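Hi everyone, thanks for coming.

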Amino acid sequence: MAARPEVLIVLGGSFNPPHIGHLRLAIEARESFAPKSAKVLLVPCARPPHKASESFLPFALRCRLLEACTANLPDLSVSRLEGERTALSYTWDTLVALKQQSQAELFFLLGSDDFLALSTWFKGLALPTLAHFLVVPRGPFSEEDCLRAIFAFWPKAQSLPGRAPHWLLPEGGKISYLPLPWLEVSATDIRRRFLEQKALDYLVPDSVLEILQEQAEQVRTIWGRERSQSEIVRP
Ligand code: ATP
């Protein structure tokens, strides 16, 4: 049996579909904990509170895609936890459940764009009491933007010395900023390319590509809904 990791990193997302950006993020975040042993748990969202889900592939298919691309990566695994609940997929509930299940120190990994919107999430500002936060740069948001957000959210946050910038919150938990390189890949762009019958090679693992091709009709119908939405001309 595999040894228990000291650190468990949780990466949530729609994974519609999973791509190399998600995988490199998971791999590099895990490596940043060396020499501690760390594992990454990819948690696909079943019923998103924030995103329209009519163009989401079925939960079971997104899990299958994720399982295919992590099959050869023993430190990455997939949790179907959010599919087992009938309620909206709140990160709060997911972290409460994972905290009960795991002995490891819990870290929640997210891009700076999502981090800046944390106050709009269900119990968003209390989430670091359940898991430490690992924030990585995404889009136009800089480290300074994250720093401003930290002090706006938690005015009593205390800056700590260390390899990466991190802050201790008086309510419990800490926030670390991990300046990992960001690959310019998004699921939105991959869905567009698929609908335009362009090649997805090197944007998604081959195992994902094979399943997308095998399920092409279903995938085209579901992803096509997003396109028809965006093509509606508003007065
Ligand atoms: P979409 O384009 O449909 O909004 P996405 O590509 O942003 O999707 P998500 O499933 O929403 O993918 O992302 C899950 C997590 O992975 C988020 O924390 C997101 O910030 C991160 N992520 C997404 N794309 C990348 C990337 N290219 N590099 C690193 N991390 C990424």
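I'll go through the domains, then the ligand site, then a few single residues.

A word on the source: this is a predicted model, in which local features need pLDDT of at least 70, side-chain atom pairs count only at pLDDT 80 or more, and totals for chains, interfaces and linings use all residues. Residues are numbered from 1 along each chain as its sequence is written, and side-chain values use heavy atoms, with hydrogens and water left out.

Let's start with the domains. The assignment gives domain 1 (7–177) and domain 2 (187–228), with bounds that come from an automatic or database domain assignment. Their centres, taken over C-alpha atoms, are 25 Å apart. Across the boundary, 16 residues of domain 1 are in contact with 19 residues of domain 2; contact here means heavy atoms within 4.5 Å.

Now, the ligand. How many residues surround the ligand? There are 20, and the closest are R138, L183, V185, A187 and T188; a residue counts as near if one of its heavy atoms lies within 4 Å of the molecule. Each of the two domains, domain 1 (7–177) and domain 2 (187–228), supplies at least three residues to this shell.

There are some polar contacts to point out, meaning pairs of N or O atoms within 3.5 Å; within protein, one must be able to donate a hydrogen and the other to accept it, and residues adjacent in sequence count only if both atoms are side-chain atoms. A polar backbone atom of L183 sits 2.7 Å from a nitrogen atom of the ligand. Oxygen atoms of the ligand lie 2.9 Å from a backbone N or O atom of F15 and 2.8 Å from one of A187. Taken alone, the ligand exposes 600 Å², and the protein buries 91% of that; these areas come from the Shrake-Rupley method with a 1.4 Å probe, and for residues only the protein chains shown count as cover. The elements giving two or more residues to the shell are β1 (7–13), α1 (20–31), β4 (105–111) and α6 (187–195). Helices (H or I, at least four residues) and strands (E, at least two) are DSSP runs, numbered from the N terminus.

Stay with F15 for a moment. F15 is in the loop between β1 and α1, and its phi is near 50°, a positive value in a residue other than glycine. Is F15 buried or exposed? F15 is buried, because its relative accessibility is 2%; buried means under 20% relative accessible area, exposed over 50%, and partly exposed in between (1.4 Å probe, protein chains only). P17 is found in that loop between β1 and α1 as well, and the peptide bond from N16 to P17 is cis, with omega near 5°. Why mention these? Most residues other than glycine have a negative phi, and most peptide bonds are trans.

Next, strand β1, where I9 has its place. I9 counts as buried, at 0% relative accessibility. Beyond residues up to four places away in sequence, its partners include A29, F33, V40, F107 and L134.

Last, T70 in helix α2 (residues 59–70). T70 is buried, with a relative accessible area of 7%. A polar atom of its side chain lies 2.9 Å from the backbone oxygen of L66. Leaving aside neighbours within four places in sequence, T70 is in contact with L23, L42, L76 and V78.
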